[in-house]
Amino acid sequence: MNQSKVVLITGGSSGIGLAIAQRFSHEGYTTIITGRNLDKLNDAAAVIAGKVVIKQFDMDWIDQIPEFVQSIYQEYGSIDVLINNAGINQKKPFVEVTNEDFESIIKTNTTAIFALSREVVKVMLQQESRGNIVHISSMAAKYGIPKVISYSAAKTALEGMTRAMAVELSPMGIRVNAVAPGFIRTPMSAKALDSDPERKNKALSRTPMEKLGETIDVANAVYFLASDQASYITGVSLRVDGGNAIGF
Ligand code: NAD
C-alpha cells in the first residue's frame, strides 16, 4: 500500500478518469480528482472507495494553475503522480472548424496540460522521491481520423510533449509516459460513436479483439506506467486499443 502517496487526476469524475481514480485509490493513494462540475465530482467521490479529494477546477483557467498546484502541495505535502486525463473532443468537417473551435480544443488538451505539468514538475523536483506523469493520448495521435482536426492536432502535440518531457526530466528522476486508448466505452466515445453507426462499425471492424475497451483496461495500463513496476520505462506511448492500430 502507498498510504502516503498522492495522485492528481484531471477530469476524474467520469469515464476513463474515474476508473483511473478508482484504481489508484484501491492501491492506497490519496486520490485528488479535478473537474468542472461539483455535482459530478461529488457523485464520483461517492463511488470511489478510500481517500478521495475533489477539487472543482477548470483546466482552462490556465493563469490559476500555479496557485492551484501550490495549494495542493501545501495541503497534502507531495504530488507523486500526475495523470493528465481531462480532455475534450469535437467532431466537425474540416472546413467548418473555426479558429475559436481549434484554439479551444488546443487550450484544454494541450496548453493546460503543459502548464499543469510544468507546475507539478516544480513540486516533484522539491521531493526526494520525485514522481512521474502519465498523459492520456489517443489513436488520433497515431493515424488520420476524419472530422477531428483539432483533437488530432492536440493529441499529436501531447505525444511530442511526452517525448520532449521524458528526455529532459528523466535524468532528474521524473518519468513521463502516455497511454493511447483505442475505442473505449465512455460518455465521450458514446457521443462520437453512437450518433455515427458507420464510424462505430469501422472502429470495431478494424479492432482484432472485436469489442470496445472498458475504462478499467486503460486504468490498469496507467497504473502500471505510474508504478515502480515500470521503473525503467519512460517516453513511451502505450496503446490500449484491442489491436486497433494494427488492425486490417
Ligand atoms: P469523458 O468526457 O467521460 O471525460 C473527460 C473528462 O475531462 C470529463 O470529466 C470532463 O469533465 C473533463 N474535462 C473536460 N474539459 C475539462 C476542463 N476544461 N477542465 C476540467 N475538466 C475537464 O471522456 P473520456 O472518454 O473518459 O476521456 C478521458 C480522456 O481519454 C480524454 O483525454 C480523451 O481524449 C481520452 N480518450 C478517450 C477515448 C475513448 O474512447 N473514450 C479514446 C482515446 C482517448
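Which element gives the most residues to the lining of the largest pocket? In this predicted model, local features need pLDDT of at least 70 and side-chain atom pairs count only at pLDDT 80 or more, while totals for chains, interfaces and linings use all residues. Residues are numbered from 1 along each chain as its sequence is written, and side-chain values use heavy atoms, with hydrogens and water left out.

The answer is α6, with 6 residues; helices (H or I, at least four residues) and strands (E, at least two) are DSSP runs numbered from the N terminus. The largest pocket holds about 1200 Å³ of space. Of its 44 lining residues, Gly87, Ile88, Asn89, Thr186 and Met188 are the closest to its centre. Elements giving two or more residues to this lining are α1, β2 (30-35), α5 and α6. A pocket is an open set of points on a 1 Å grid over the protein atoms alone, where a 1.4 Å probe fits, with protein on both sides within 12 Å along at least five of seven lines; lining residues have an atom within 4 Å of a point.

The ligand takes up the space of the largest pocket, a molecule being placed there if more than half of its atoms lie within 2 Å of the grid points. Around the ligand are 28 residues, of which Ile16, Met59, Asn85, Tyr151 and Thr186 come nearest (a heavy atom within 4 Å).

Terms used
Grid points are joined across faces, edges and corners, and a volume is the space filled by probe spheres set on the points.
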